[in-house]
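The sequence and structure are shown first.

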Amino acid sequence: MARPQLPAGTIGTIHLRLDVGGRYRARARARDDAGKLHQSCVMGATAEEARKKLVNHFAKKGIAGDIGLVASSTIAEACASWLESTRRRAAMGSITYSTFASYESTARLTLIPRCGAIALEALTVGRCNRIIQSIATEVSLATARRARSVLGLVLGYAVLDDAIPMNPMRYIQRLPRPSKKKTILIPEQVQGIRALMRQWRGIHASGPTPNYQTLLDSMDIMLGTSARIGECLAIRREDVDLTTEPPTVLISGTIVQTREQGTFRKNSPKRARQVRRVALPPSAAQAIRRRVAVAESKGRELLFSTRTGAPLDVNNYERLHRSFVDGNRRALEELGVDVAEYSTHVYRRTVATWVERSAGIGLASRLLGHANEQITRANYVVTDEEVSPRTALILEGYLQK
């Protein structure tokens, strides 16, 4: 009786044999999705190592065999398989390593501890909804939103692997949007903060303390360009043109940190389409000139860097910013600054609101690098509660007829 033909995309029986030299030989046949038969043999120090090497050898040819996901696979196993696929995409440049690191952190810290043991076949729409809602209630809305996104990607991968017929995350209840933050700075507060930063720098002028000029210069640059903190710290000397009137700066990168690569400059902003050249107001141009002079004197490309010339990490900068806020809390409150919401993102929201009120939402959206005006209005522009008095004159013209 003829041996049955291997189905496409599967690996046949793996034969293991101990060779004379003490190493194990793994041999098997496999058929790819095109129906072509492959036969391979690999060696390993142990039987398990040889088997895994053979399976991985076939996997590189697109033959999943017994390493693919099945209905009884757990969420933890699905996360591991999906993350390995995502890691390969990061290595090929399809996604950034910082994106992969964010996915891995959410899977490891949120999804696997809460639902890692659940089998894929047991994931109904209701169960998925309860998992995400419990995270929103017990942890935070932001964590739940990240968990929803990553679990949806994991289950989408499981659908592609034929482990489950459909992705239940597509049908769960929507999470509420976080309340829009409405804190912006007024010009008088900006002047007051500048004075506090100069004073704070003077108090800590001696000893191996952080350079508080960094806070002042970066604030002026962010307020003059709408750049995020990572984009501000990624500005290089070559991005600056001080020969034009007004001077300009190219926002073309951001500082990111991953476990694989450490802290480095990514050669695009948060989104690649957000590369933009921005004209500088006097305060930002003055700050840029100071940073260029320092960078040139030390032979460095980045305008902001550590004492060793490495990129300045965003987390370290934000730690410095929190130190300033904690040391000047009472003075900031006297200026009317909402200390609870005073982060570097307030600068970007302030810029968006100032420009929108003076020149309209279109220019504000372009300055921030957004794909459409709705993003700017929904997330950045703080709407003035006072409606223009011109409405009274308009209505009066109709009501008195």
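Strand E6 (residues 248–251) is joined to E9 by 4 bridges, and the two strands run antiparallel. Within this pairing, valine 249 has valine 278 of E9 as its bridge partner. The model is predicted: local features need pLDDT of at least 70, side-chain atom pairs count only at pLDDT 80 or more, and totals for chains, interfaces and linings use all residues. Residues are numbered from 1 along each chain as its sequence is written, and side-chain values use heavy atoms, with hydrogens and water left out.

Strands (E, at least two residues) and helices (H or I, at least four) are DSSP runs numbered from the N terminus, and two strands pair if DSSP finds at least two bridges between them. E6 and E9 belong to an open sheet of 3 strands, in the order E5-E6-E9 with antiparallel pairing. Strand E5 (240–241) and strand E9 (276–279) stand at the edges with a single partner strand each, so one side of each has no neighbour in the sheet.

Strands E7 and E8 (residues 262–266) are also antiparallel, joined by 5 bridges. A hairpin of 3 residues connects E7 to E8, and valine 256 stands opposite phenylalanine 264 in E8.

Axes are lines fitted to C-alpha atoms, for helices over the stretch in contact, and angles run from 0 to 180 degrees between N-to-C directions.

| Helix pair | Axis distance | Angle |
|---|---|---|
| H4 (residues 125–138) and H5 | within 7 Å | roughly 155 degrees |
| H3 and H4 | 11 Å | about 120 degrees |

Angles under 35 degrees count as roughly parallel, over 145 as roughly antiparallel, 65 to 115 as roughly perpendicular and the rest as oblique. H3 and H4 are therefore oblique to each other.

The largest pocket has a volume of about 1,800 Å³, the volume being the space filled by probe spheres set on grid points joined across faces, edges and corners. A pocket is an open set of points on a 1 Å grid over the protein atoms alone, where a 1.4 Å probe fits, with protein on both sides within 12 Å along at least five of seven lines; lining residues have an atom within 4 Å of a point. Its lining comprises 48 residues, of which Arg228, Lys270, Arg271, His345 and Tyr380 lie nearest the centre. Among the elements that each supply at least two lining residues are helix H3 (97–115), helix H5 (141–160) and strand E7 (254–258).
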